[in-house]
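Grab a pencil and keep the 3D view open while you work. Each exercise below has a task, followed by a solution in steps.

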Amino acid sequence: MEIILHAHHAEVTDSLRAQAQAAVERIASRVKRVVNAIVRFVEDGPTRRVEIVLRAGSHGELFAQADARAFAPALSAAVQRLETQVARTRRSRRASRTDIRPGD
């Protein structure tokens with residue numbers, strides 16, 4: 001899996017990049033066939049935005065973003081939103097598998 005970290009008009013510390021990479025790797029371990037992930041850090045005036053795009057073969061594209069006054073809380077919120085999407089997707093797939101019974 002390839003992880004692309006992109007900063008647009010933003011200065012991102014090495015520790016924040018490491019946190020983003022670790023979080024994406026943790027989320028990607030719960031999804032099958034992850035192709036790549038893109039993490040964008042965007043600074044626009046007082047607003048800091050973090051966008052995470054996770055591309056996986058079976059799930060398509062998962063996207064989460066969050067805004068905050070600093071990058072760390074924005075990254076945390078975006079990671080939490082992406083984890084929620086992954087959990088929801090896994091739950092719905094499990095439910096659809098149990099609904100299909102042989103002989104019905």
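**Exercise 1: Placing a residue**

In which helix is the place of Gln 85? Then find what Gln 85 is in contact with.

Solution. Before we start: this is a predicted model, where local features need pLDDT of at least 70, side-chain atom pairs count only at pLDDT 80 or more, and totals for chains, interfaces and linings use all residues. Residues are numbered from 1 along each chain as its sequence is written, and side-chain values use heavy atoms, with hydrogens and water left out.

- Step 1. Gln 85 sits in helix α2. Helices (H or I, at least four residues) and strands (E, at least two) are DSSP runs, numbered from the N terminus.
- Step 2. Contact means heavy atoms within 4.5 Å. Setting aside neighbours within four places in sequence, Gln 85 is in contact with Leu 62, Phe 63 and Ala 64.

**Exercise 2: Into the core**

Which residues touch the most other members of the largest nonpolar core?

Solution. 

- Step 1. A nonpolar core is a set of buried Ala, Val, Leu, Ile, Met, Phe, Trp, Tyr and Cys residues joined through side-chain atoms within 4.5 Å. Buried means under 20% relative accessible area, exposed over 50%, and partly exposed in between (1.4 Å probe, protein chains only).
- Step 2. The largest core has 28 residues, and Phe 41, Val 50, Ile 52 and Leu 54 touch the most other members.
- Step 3. At least two residues each come from α1 (14–28), β2 (34–44), β3 (47–56), β4 (60–68) and α2 (71–99). α2 gives the most, with 7 residues.
- Step 4. Zoom in on Leu 54: not counting residues up to four places away in sequence, Leu 54 touches, among others, Val 24, Ile 27, Val 31 and Leu 82.

**Exercise 3: Two rings**

How are Phe 41 and Phe 71 arranged as an aromatic pair?

Solution. 

- Step 1. Rings of Phe, Tyr and Trp (its six-membered ring) pair if their centres lie within 6.5 Å; planes under 30 degrees apart count as stacked, over 60 as edge-to-face and the rest as tilted.
- Step 2. The structure holds 1 aromatic pair. Phe 41 and Phe 71 form an edge-to-face pair, 5.5 Å centre to centre with 90° between the planes.
- Step 3. This pair links distant parts of the chain, as Phe 41 is in strand β2 and Phe 71 in helix α2, 30 residues apart. Phe 41 and Phe 71 are both buried.

**Exercise 4: Charges that meet**

How many salt bridges does the count come to?

Solution. 

- Step 1. A salt bridge is a side-chain nitrogen of Lys or Arg within 4 Å of a carboxyl oxygen of Asp or Glu. By this rule the count comes to 5.
- Step 2. One of them joins Glu 83 and Arg 26, at 2.7 Å from N to O. Glu 83 is in helix α2 and Arg 26 in helix α1, 57 residues apart.
- Step 3. Are these two buried or partly exposed? Glu 83 is partly exposed at 25% relative accessible area, and Arg 26 is partly exposed at 44%.
- Step 4. Another links Asp 67 and Arg 49, whose closest N and O atoms are 2.8 Å apart. Asp 67 belongs to strand β4 and Arg 49 to strand β3.
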